[in-house]
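Here is a friendly walk through a protein model. Have a look at the chains first, then read on.

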Amino acid sequence: MFRSFRMFALCLAMLAASSLASPPTGAANQTVVVYSVRNEQLIKPLFDRFTAETGITVKFTTADAAVLIERLAAEGKNGQADLLMTVDAGELWNAANRGLLRPTRSKILEANVPATLRDPENRWVGLSQRARTVVYHPERVEARLLGTYEDLAKPEWRGRLCLRSSKKVYNQSLVAMMISAQGEAATETFVRGWVANLAAPPFANDNQVIEAIAAGQCDVGLVNTYYLGRMLQRTHSLPVKIHWATQRGDGTHMNISGAGITRHARNPLAAQKLLEWLSAGEAQQLFASSNMEYPVNPKVEIDPLVQSWGRYTPSRINIVESGRHQAAAVRVMDRAGWR
Amino acid sequence: MQAPRRASLIIFLTAAPTLLVLAGLIGAWWSPAGDALQHQWRYLLPEATLNTVVLVVIVSAGSAILGTLLAALIALTEFPGRRFFSWALLLPLAMPGYVLAAVFAGSLDYASPLYTLIREQFGWQLASVRSLPGAALVLTLTLFPYVYLIAKVAFESAASRYTEAATLLGRTRLQATREILLPLATPAILAATALVAMETLADFGVVAALNVDTLTTTLYRAWYGMFSLVTAQQIAGFLVVIAVVLLMLEHRARSAVRFREYGGNAAHRQRLSAWQSAAALSFIGIILSSAFLWPTVHLISWAREHFATDIDSRYFGYLTRSLLLAGSGALVVVSVASVLAYARRSGPGVAGRLLAPVATSGYAIPGTVLAVGLYVPLTQTLPWLQGTLVILMIAYLARFLAVSHAPVSAGLARLPSAVDEAATLLGSSVGERLQRIHWPMLRGSVAAAFVLTFVDLMKELPITLLTRPFGFETLAVRVFELTAEGEWERAAVPSLVLVLVGLWPLKWLAGKMPHAS
């Protein structure tokens, strides 16, 4: 009896000693849990580096935004997630709107991320920018004729425009930002014009839009630039070029991939540390360049290929508007018959 | 407890996971959803409903005809290479619909090399596969093996004496097949066609890749685009109603088929003449090349430059986890489906008529809606289930019960209850009856159920995606990760592994099936 008690005490002592032996920062056994819409191949290398540098482990799972948001809501206090990471501002807006994210004041994030790419109530921040703009076939389109997104609704583009399906959130966000700038009625007129100009039924993804332009099925299209970047890496001779479209009275539509700390985060400080780490330096550069996106942090260098596409004027409207008007955008696209 | 009451209770229990999801869908009808549904009715739902109905009709009819023809050819005739094609025709099962759709969209559209060549050489403008007929074609090519497999089991276990008797009565082989074997196989064909119809109702991957608007895409539009899960659930409820009606019709039609038969030797296969064999082979060849061979070659060409960089030790993990999930999932689903089929047989009351179709209607609910519909109530009431495989298994059960139930119940339907009565009179126990009479006769059906479910689970995405534990990546999850931002070429690598691994259980099945020889 006594012996077993001694054994037990010894075990306890060893356990205590081992926990005392961990670094005084307390970081060693910390874990940040991330629910991510951004793919594994774009986040895992960064998380591994973060762990190597800080000792904080990152656990993550991926799925569609709508699904992860329902999951967060259902798990509530019992949930494990500290961070929700998405590839669209509207999705973050939705999560924040449902009270699933908490405000975080961070001098570092405020310094690194421009105000238009952050939630005005500090519940989420952008971590990379994704430009959605006009691409065209240089032999069949004179670049000087290209202007705004709205210009693509003009009759001279009849039968020459290719669009991706309006089911994709990237198009919904673009239209939502147009609604924010010029109202629903005007936006609907332009969207109707686009639909009237379609050369083919909308495509399932941006790659197909680019391929259709290259093959001559249409002359212009709207895509996220990184899709073109990826294709240019494989085929240098692709006859598709980027035009930096502006919105009337505003700049190019820059969506974000971003993240926010969850309402019931168990480890909000470590999650904040991860956000701050991702917003600066090499991590920020890698976060953007691994998918040929634009960094949010203006001090960070842009990938050379991406840089070769030239300078653009980004939209000055806060990206939060894309979430606020997303449902209205879907209705506009439905009414206009954009499938 | 009385046998019928016990049967009702069992049916209720097997239906419980689906009922939980349905409760949420029904609840949605009483939830305030603003005017999202009205908006959808005005602009989307009429066309989407029409497209869905047309798609279900074409795909069901196409799969039923194609599957039955091929099954009859393989089961009732003899020609060179028949044994090989007997299992090779199952190969399209291994090809996920969303992958086939991507391959078709990449090669049968304006920008594809083939269309470009034809346009430049002949000046022809060919129709794009990104259309309703295109979606019907892709779905038929992925779903016909359900009918083929289940009908083949039925044909092969059909007794030769029927055909012999018919021949003695002066009927030709063709007449005998049409008048006797076809009615005998009808329950099986109907059950399989109902599966095809439900899978088509719930499909999102194929129609999204080809940009065809159906009820499913409309549902996701309301949820993902307008943030209205309630509207999505309302539309999903509509899908379930269609499915339950289909299943009840199927069950009625099946009960109307009076033929029952028992064991015996299988039919002698009729040897085809040289030109008949050539015709049969080219028919099978066309189907197999378009549904499997050509898409596989296409995937290889996509995957070529990524094999070296993408295949590493992680794939061992993806593969193991895929096999583990699909294997254990199929085991669970087949067991419960068999219990359900037996309960339904012994207690054909209200529960059997109404509750059993409900239990299997989960197959018509789009996977994501079903996954969320189960995950939300389960984690709220039993938070400790989070991150375990229990929720995953319950969700698999709710969604795939139909896939296992169809072949097993079709097999049971061929087993006359007189056999059981005779056995009971002879004083044999239930266990003895199951082991000595039922199992030998049902073996083929159970094996078919296992393989269909296994292959479906290998390809399954939404449920696995939502409920998997941290870091529990499978091949299907890997495909999702790579396609989420359109990296189809890279996604071809896990897709190929998925297809190739799917082959092994099919090969194994071919060995297990009761060969009529």
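What follows goes through the charged pairs, the rings, the loops and a bit of surface.

## Before we start

This is a predicted model, so local features need pLDDT of at least 70 and side-chain atom pairs count only at pLDDT 80 or more, while totals for chains, interfaces and linings use all residues. Residues are numbered from 1 along each chain as its sequence is written, chains are lettered from A and ligands numbered from 1 in the order in which they are written, and side-chain values use heavy atoms, with hydrogens and water left out.

## Salt bridges

How many salt bridges does the structure hold over all chains? There are 39, where a salt bridge means a side-chain nitrogen of Lys or Arg within 4 Å of a carboxyl oxygen of Asp or Glu. One of them joins the side chains of B:Arg478 and A:Glu40, at 3.0 Å from N to O. This pair crosses between chains: B:Arg478 sits in helix H21 (residues 475-483) of chain B, and A:Glu40 sits in helix H2 (residues 40-54) of chain A. (Helices, H or I with at least four residues, and strands, E with at least two, are DSSP runs numbered from the N terminus.) B:Arg478 counts as buried at 3% relative accessibility, and A:Glu40 is buried too, with 8%. Here buried means under 20% relative accessible area, exposed means over 50%, and partly exposed is in between, using a 1.4 Å probe and protein chains only. The two residues also belong to a salt-bridge network that links A:Glu40, B:Asp310, B:Arg478, B:Glu487 and B:Arg490.

Two other salt bridges stay inside one chain. In chain B, the side chains of B:Glu156 and B:Lys152 meet at 3.9 Å, N to O. Both are in helix H7 (residues 132-156) of chain B, 4 residues apart, or about one turn of the helix. B:Glu156 is buried at 5% relative accessible area, and B:Lys152 counts as buried at 3%. In chain A, A:Arg123 and A:Glu121 form a salt bridge of 3.7 Å, N to O, and A:Arg123 is buried with a relative accessible area of 16%.

## Aromatic rings

Now for the rings. A pair of aromatic rings is described by the distance of the centres and the angle of the planes. Over all chains, the structure holds 22 aromatic pairs; rings of Phe, Tyr and Trp (its six-membered ring) pair if their centres lie within 6.5 Å, and planes under 30 degrees apart count as stacked, over 60 as edge-to-face and the rest as tilted. Why is the pair of B:Phe104 and B:Trp294 edge-to-face? The planes of these rings are at 65°, so the pair gets that label, with the centres 5.1 Å apart. B:Phe104 lies in helix H5 (residues 97-107) and B:Trp294 in helix H13, both of chain B, so the pair ties together parts that are 190 residues apart in sequence. B:Phe104 counts as buried at 2% relative accessibility, whereas B:Trp294 counts as partly exposed at 30%.

B:Tyr220 and B:Tyr224 make an edge-to-face pair as well, 5.4 Å centre to centre with 75° between the planes. They are 4 residues apart in helix H11 of chain B, so about one helical turn separates them. B:Tyr220 is buried at 7%, but B:Tyr224 is partly exposed at 26%.

## Charges over rings

A charge sits over a ring if NZ of Lys or CZ of Arg is within 6 Å of the ring centre and within 35 degrees of the ring normal. In chain A, the charged end of A:Arg38 sits over the ring of A:Phe287, 4.1 Å from its centre. In chain B, the charged end of B:Arg119 sits over the ring of B:Tyr110, 3.6 Å from its centre.

Most residues other than glycine have a negative phi. B:Asn211 is not a glycine, yet its phi is positive, about 50°. B:Asn211 lies in the loop between helix H10 (205-209) and helix H11 (215-225) of chain B, and it counts as buried at 12% relative accessibility. B:Phe227 has a positive phi too, near 55°. B:Phe227 is in the loop between H11 and helix H12 (229-256) of chain B, and is partly exposed at 21%.
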